[in-house]
Amino acid sequence: MICAGIDAGSRATKVLLFDSEHARIVGSGLADQGVEQQRLTAELFDRTCGDARLDRAAVGPIVATGYGRNAVRFADTTITEITCHAQGVHHLAPDVRTIIEIGGQDSKFITLEDGGRVRDFAMNDRCAAGSGRFLEVVAARLGVDLSTLGELSRHSCQAALISSMCVVFAETEIIGLLAEGVAAPDIAAGVQNAIALRVAALAGRSVTPPVCFTGGVALQSGMVRALETAFSCAVFVPSLPQYTGALGAAILAGRQFRTRPLL
Amino acid sequence: MIDHCYDFAESARAQGRPIVGIMCEFTPREIILAAGAVPVCLCGGSAATIPAAEQLLPANLCPLIKSTFGYHLTGKNPFLNWADLVVAETTCDGKKKMFELLGTSKPMYVLELPQKAEEPDALEHWVLELRKFQQFLASRFGVAITDRQLTRAIELMNRERRLRRQLADLMTAEPPPITGRQLLDFKSIISGIEADLQQYERALQMYAPANDRTAPTQHTTHNTHHATRNTEHAPPVRVLLTGVPVVHGAERVLELIEGCGAVVVCLENCTGLKPILEDVDVNNESDPIRAIGQKYYHLPCSVMTPNPRRFETLRALAARFRPQCVIELVWQACLTYDVESWKVRKLVEDELRLPYLKITTDYSPSDSTRITGRVEALLEMVRAKGG
């Protein structure tokens, strides 16, 4: 049976098709989030099915997750991204005990029990200082593309200290640093450290390895190193780091469908 | 409740009864009632009055303090406008300093609250403060406050507390006959209104377990109900809500929690059970002020240091109401509750062995979606644990 997971995030929507009998991924697609969320999600879903050479009617249960999950009207049910990321990561790396997930506007810290069940979680509150949005603001301020911001940080000699707890204040702080003549790579590296420290503060307690890092921000080179420094332990990025939420949703869709009809 | 409180206060004023605003559960309403005055809770729960307050107060201050003060500046709270006197205590620093500003244009009386309630002299100090307050009220309103009047006021307040406790006890049922939001609605901003007490008695008759078969089980379906598609038919998860008070107008988080498919079976805070768990000893007729002091001085507010009674209370309430998880609500910039939350988490996770979630927010609804997401994840966790 083909199950689908749709992760409607704040910055991007991800669709993942999963063959629950053979436990393998059969298709995936990603599109920027926009104003017309419902239409964009439906189009992405159809496109992903087409790319996977699947008839849309061949797709069984659909679970929506992510910030915009309630707007995915054609999904059978919704499950929060906390539960879905836990499930997705557990499928990819069953021994993982800690997940750091940094997306467009959230950073999450999830601890897992045996079997991939969520033991505890923490998320940032209102402020987006520890999230992808922060990196976007910084990239724009430094005049570089988001995709090259991580690369830029590699040329840092001494990471700048960025202490602000808020994206808006941090931007002001960065303007001040630029005015002082601090090099852009040092600012980029400083921002990565600031995000890593924010997430470490969320974690609060000791971290149980193995630690897995997912979400769009996991694609930024330099972030793993910043997190490893902040957490004082090894951090790895799984395959498809942006899709772990959608993958978990698809797996849970298959599981729920097996145990009882969805509606 | 507010409408009839308005009518009640208006007619009390017409009869010449003074209106006394109160800002905290430490204020002994008994002494105000014994003076023939009407105690009205003035804690602000509206986001709309905050911008006005921020002209004088720092933005990074607890929303309850800002909203209360904003009501004063905008003149939008008729009860505060009517108040002949506002009584408050030295609880948190933010309130204390706000009262100084309020005092420049409103008659204020501030009671000094000892904050090491476990110390032997704390009660003595508090009783002394209450005696001074009694004298102040008597001379201010030109009345005598006799022991007999105090005892009558104590009996009235004890009756109100007993009825509210009994209402709260309805939530021990599984599932409870009403929602936490409905229970909160029973709380009146004016104490000792006979019509309220009779309404409590009627509600108790209607929802009492013995009448289960005839009682309308109008569970959940508050207008904010938007349970996710997969939990619509699941039994509600039992939640103990602790932390800051949920004052009139600021019920958003409670509504979000219950909208996710949970039921708040126990509201531990100052708008819930915390201040009504104990009665005033009515047998101390020779010194009712001391009896009143004994009930009030050690309320387990986070301004107390240390605050062991809060944890004892949480233990007892968890045993009684059998929550499946604990949610702590902290108003942004409420330092005492925020710092103390670490100890609450430890108690809940390590001792009660329940999942714990802290929600830090203010009165603006901008983070409602984020709060809902976290609550839903918590409920999924609880359900996964159970099944």
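**Entry 1: chain B strands**

I began with strand β1 (residues 19–22) of chain B, which 4 bridges join to β2(B), and the two run parallel. Two strands pair if DSSP finds at least two bridges between them. Helices (H or I, at least four residues) and strands (E, at least two) are DSSP runs, numbered from the N terminus. I looked up B:Val20 and found B:Pro39 in β2(B) as its bridge partner.

Before going on, I noted that this is a predicted model: local features need pLDDT of at least 70, side-chain atom pairs count only at pLDDT 80 or more, and totals for chains, interfaces and linings use all residues. Residues are numbered from 1 along each chain as its sequence is written, while chains are lettered from A and ligands numbered from 1 in the order in which they are written.

Next I checked which way the residues of strand β2 (residues 38–41) of chain B point. B:Val38 and B:Val40 point one way, B:Pro39 and B:Cys41 the other way, and all are buried. Buried means that 20 or more other C-beta atoms lie within 10 Å of the residue's own, with C-beta atoms placed from the backbone.

**Entry 2: a helix pair in chain B**

I turned to helix α4 (residues 63–74) and helix α6 (residues 93–102) of chain B. Their axes come within 10 Å and cross at roughly 10°. Axes are lines fitted to C-alpha atoms, for helices over the stretch in contact, and angles run from 0 to 180 degrees between N-to-C directions. The crossing therefore makes α4(B) roughly parallel to α6(B), a term for angles under 35 degrees.

I listed the residues that meet. From α4(B) they are B:Ile65, B:Phe69 and B:His72; from α6(B) they are B:Gly94, B:Lys95, B:Met98, B:Leu101 and B:Leu102. Contact here means C-beta atoms, placed from the backbone, within 7 Å. By class I got 5 nonpolar, 2 polar and 1 charged residues. Ala, Val, Leu, Ile, Met, Phe, Trp, Tyr, Cys and Pro count as nonpolar, Asp, Glu, Lys and Arg as charged, and the others, Gly among them, as polar.

**Entry 3: a helix pair in chain A**

A:Phe134, A:Leu135, A:Val138 and A:Leu142 of α3(A) meet A:Ala184, A:Ile187, A:Ala188, A:Val191 and A:Ile195 of α6(A). I found 9 nonpolar residues in this contact, no polar and no charged.

**Entry 4: the sheet in chain A**

I traced an open sheet of 5 strands in chain A, in the order β3-β2-β1-β4-β5, with mixed pairing. Its edge strands are β3 (24–32) and β5, each pairing on one side only. Strand β1 (residues 2–8) runs parallel to strand β4 (residues 59–65), with 5 bridges joining them. A:Ile2 stands opposite A:Val59 in β4(A). Helix α1 (residues 37–51) of chain A packs on the sheet and touches β1, β2 (12–19), β3 and β4; its direction makes about 145° with that of β3(A).

**Entry 5: where A meets B**

Last, I looked at the contact between the chains. It takes 13 residues from chain A and 14 residues from chain B. On the chain A side, β5 (77–78), α2 (81–92) and β8 (118–123) each supply at least two residues. The largest share, 3 residues, comes from β8(A). I sorted that side into 6 nonpolar, 4 polar and 3 charged residues.

Key: Two residues are in contact if their C-beta atoms, placed from the backbone, lie within 7 Å. Angles under 35 degrees count as roughly parallel, over 145 as roughly antiparallel, 65 to 115 as roughly perpendicular and the rest as oblique. A residue is buried if 20 or more other C-beta atoms lie within 10 Å of its own, exposed if 12 or fewer, and partly exposed in between; C-beta atoms are placed from the backbone.
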